[in-house]
Amino acid sequence: MARRGCRAWLERLVVLIVSLDLTLNFASAQLRYSIPEELAAGAVVGNIAKDLGLDTSALNSRGFRIVSGSTEPLFQLNNGILHVDRKIDREEVCERISTCVINIKTVLENPLEVHYVAIEVLDVNDHSPTFSENETNLEISESALPGARFQLQGARDPDSDMYSIQLYRLSQNDHFRLEVKDRGEDGKIPVLYLHKALDKETARSHRLLLTAVDGGKPARSGTMGILVNVLDVNDNMPVFAKDSYAAVLNENSPIGTTIMQVNATDLDDGLNGEVIYSFGNNVNNKLRKLFEVDANTGEIIVKGLIDFEAKDRYELDIKASDRGPVPLATEKSVIITIVDLNDNTPEIEVTSFSRAIPEDSKPGTTVALISVNDNDSGVNGKVICYISEDVPFTLTPSLQDNMYSIVTKSLLDREQQSHYDVTIIAKDAGEKALSSHRTISVTVSDVNDNSPEFSTSPYTFYITENNAAGSSLFSVSAHDCDEGDNALISYNIVRNGDQHKKITSFLNINSENGVIVALKSFDFETVKTFQFQVVATDSGTPSLSSNVTVNVFILDQNDNAPVILYPLSSNGSAEGVEEIPRNVNAGHLVSKVRAYDADIGYNGWLLFSLQEVTDHSLFGLDRYTGQIRTLRSFTETDEAEHKLLILVKDNGNISLSATATVIVKVVEPKEAFAASDVKSAAKDEEGNDVTFYLMITLGSVSVLFLISIIVLIAMQCSKSTDYTSKYLQETNYDGTLCHSIQYRSGDKRYMLVGPRMSIGSTIVPGSHANTLVLPDRRRPSEEVRKITLSQGSSGMNAHD
């Protein structure tokens with residue numbers, strides 16, 4: 001009853017000793033607990049979180065766990081409290097070890113902490129001493145002298161020292177006494193001591209009871225019966241040749257290897273002198289599985305696998321017996337020392353590991369913690385660790401033995417390499433070195449460190465005018481070497497400055513794909529080219545951006561019809577009346593149709609043709625200059641009035657046109673002179689028939705007009721320097737201001753300026769930039785003014 005109460009008290013005892021050993025290496029600490037063996041599963045060992053001062057609310061998020069090896073775990077963690085996972089039998093876990101300590105490692109991450117916990121399993125006296133046999137037989141010759149000793153099979157108690165066998169007791173008798181031989185690690189061995197000589201005639205046998213008692217309170221015990229048979233005289237025992245035997249054996253020696261040979265002799269004759277060898281009674285079954293002895297030769301032979309890591313020294317009892325009717329035997333201890341060989345490869349264990357590391361991590365950032373172990377001893381157990389490949393990682397040793405950190409040794413760049421397979425090699429220092437390796441995969445996570453890059457810089461696009469409003473014009477594209485949101489690009493148009501905003505306000509960009517859409521139709525005659533900037537911004541935090549310049553050139557289309565400048569009536573229609581004398585000769589200049597086209601190139605190159613004419617034989621039209629000349633002299637039968645319909649068209653793919661009507665009235669010479677004005681005199685290149693007086697009159701009028709025009713041009717230049725400066729910078733201008741025309745079209749006023757061209761020359765298509773729009777400073781009713789500075793005229797995109 002008392003025994004059960006003591007055991008229940010021990011099972012309720014959880015924590016006896018807590019010792020905290022804090023170190024600064026990897027934020028690690030060590031705890032020590034003590035528990036009795038045989039605790040039920042789920043019993044509390046200790047509150048690790050409380051003893052370490054950890055925040056219990058963060059244990060799960062930090063991955064608080066036990067780092068277990070290959071063996072089945074004995075403990076488990078639950079909310080920082082250490083529990084027994086299954087019933088622990090000290091004799092199974094720590095066989096023949098005086099102090100049973102189980103070491104475990106616990107790990108927390110973010111930040112990384114490693115804590116070492118030692119649990120000492122206290123022995124409970126839960127085993128009684130047992131003998132291998134319930135009864136043993138001894139045969140002792142009656143000639144045995146007092147003082148003879150006979151070693152008995154000792155009892156076995158798996159409990160620790162304090163609960164192991166403490167003493168033996170022998171039942172009361174007259175002939176035998178009990179001695180106890182202390183064999184240290186192998187325990188106490190009972191020896192039967194012959195106190196009084198035997199007499200076979202008095203008693204043929206003796207029955208004894210041997211009791212083994214352990215050190216428990218209350219003590220446990222076990223018994224074995226001893227039957228002593230008294231034999232007749234065989235008075236010489238075998239004697240070993242040496243007082244002691246010792247041998248050295250390499251571990252992993254092949255089965256059948258002879259370790260050594262013992263030799264014993266017996267002075268008796270016959271069967272009483274023949275010696276046979278065997279193991280002593282005290283050699284347990286484990287030793288019998290590893291070694292065997294040849295009964296005839298005394299050779300000790302390897303029978304099983306010899307492992308230095310399991311045990312490095314063995315002590316065997318070899319018994320030499322004769323073959324007499326009453327065999328005599330003697331025993332001798334043989335000590336076999338095991339030599340360690342380098343037969344264990346190093347073991348690599350990853351204690352903690354961060355699978356992803358940011359690419360902006362500084363050199364020295366910890367990626368993983370590893371521990372290495374080699375079960376060999378001496379230099380065979382010394383391990384060197386290193387990383388085999390040329391990777392930006394290195395191993396650094398810690399203050400704890402055989403603990404290493406994998407840290408970065410240089411800067412990382414995910415765009416160059418996003419994944420590393422790091423192979424750790426552990427190699428021992430044995431003569432024939434053994435090594436092992438383990439590969440861990442490290443992923444480099446992305447950081448927003450790359451700005452978007454445009455595929456082209458700058459962009460140049462050509463679009464035709466009159467594009468459909470709302471349709472896509474072109475697109476820009478950028479690429480970001482990052483990944484995920486860091487590579488997700490959005491596009492925007494830079495809108496700054498009044499003029500820049502005015503242009504870009506008609507543009508819109510798709511923020512996702514960079515497609516640019518015009519919100520209105522462009523007119524080449526209004527704007528020929530413009531420039532803006534697009535910004536590409538990624539979605540990282542913080543975001544990065546880059547910009548690109550986009551140059552846009554508007555291409556001309558034939559969208560402007562020719563405009564008739566002359567003839568032009570007061571009501572704005574293209575119609576005029578010309579009077580010529582009847583006596584003019586062939587080739588006389590009747591009039592000249594003037595027109596312009598706002599387009600450029602072939603779209604603005606004008607051609608003239610007669611659509612309708614009263615008499616085709618009388619008038620001709622120059623298709624390039626628009627000059628109307630007589631083809632022959634007038635006759636009396638020719639009509640006095642002729643109507644000419646002139647078609648003016650450009651050279652576009654789909655040509656546009658305009659028409660002008662010229663009414664030619666044929667008058668008598670005297671009437672023609674009276675009706676002549678300054679303009680008719682300036683156009684007439686056939687001056688041979690003009691009288692001297694008319695020449696004086698025309699010259700005077702011309703001088704007056706010239707003075708008026710010079711004053712007018714000076715006034716216009718002083719008030720409208722912007723227009724003249726723009727014209728003077730035109731690259732097509734040759735520097736000679738020889739001709740200018742001001743005219744009105746609708747609510748706008750124009751000035752055409754051009755260099756001198758000979759009569760009948762071909763007008764080369766070009767820009768209409770020589771046409772200046774002048775502010776209207778005249779009254780609405782004011783007529784169109786035409787001024788001629790020199791003979792002949794021409795203009796860019798204007799035909800005189």
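Mentor: F454, Y459, F461 and F474 form one aromatic cluster, and the structure holds 12 aromatic pairs. Please keep in mind that this is a predicted model, in which local features need pLDDT of at least 70 and side-chain atom pairs count only at pLDDT 80 or more, while totals for chains, interfaces and linings use all residues. Residues are numbered from 1 along each chain as its sequence is written, and side-chain values use heavy atoms, with hydrogens and water left out.

Trainee: Why is the pair of F619 and F634 called edge-to-face?
Mentor: Rings of Phe, Tyr and Trp (its six-membered ring) pair if their centres lie within 6.5 Å, and planes under 30 degrees apart count as stacked, over 60 as edge-to-face and the rest as tilted. The centres of F619 and F634 are 6.2 Å apart and their planes stand at 65 degrees, so the pair is edge-to-face.

Trainee: What makes this pair tie together parts that are 15 residues apart in sequence?
Mentor: F619 lies in strand β47 (residues 619–621), whereas F634 lies in the loop between β48 (627–630) and β49 (641–650), so the pair ties those parts together. Strands (E, at least two residues) and helices (H or I, at least four) are DSSP runs, numbered from the N terminus.

Trainee: How do you know whether F619 and F634 are buried or exposed?
Mentor: Buried means under 20% relative accessible area, exposed means over 50%, and partly exposed lies in between, with a 1.4 Å probe and protein chains only. F619 has 2% relative accessibility, so this residue counts as buried, and F634, with 10%, is therefore buried as well.

Trainee: What makes us say that the charged end of K520 sits over the ring of F506?
Mentor: A charge sits over a ring if NZ of Lys or CZ of Arg is within 6 Å of the ring centre and within 35 degrees of the ring normal. The charged end of K520 is 4.0 Å from the centre of the F506 ring, and K528 lies over the face of F524 at 5.0 Å from the ring centre.

Trainee: Why is N380 called buried, and which residues is N380 in contact with?
Mentor: N380 has a relative accessible area of 11%, so the word buried applies, and its place is in the loop between β27 (366–373) and β28 (383–387). Contact means heavy atoms within 4.5 Å; leaving aside neighbours within four places in sequence, N380 is in contact with D340, L341, N342, D374, D428, G430 and E431.

Trainee: What makes V711 partly exposed?
Mentor: The relative accessible area of V711 is 46%, so this residue is partly exposed, and V711 is found in helix α8 (residues 692–719).

Trainee: Which peptide bonds are cis?
Mentor: The bond from S457 to P458 is cis, with omega near -5 degrees, and a cis peptide bond also joins Y566 and P567, where omega is about 5 degrees.
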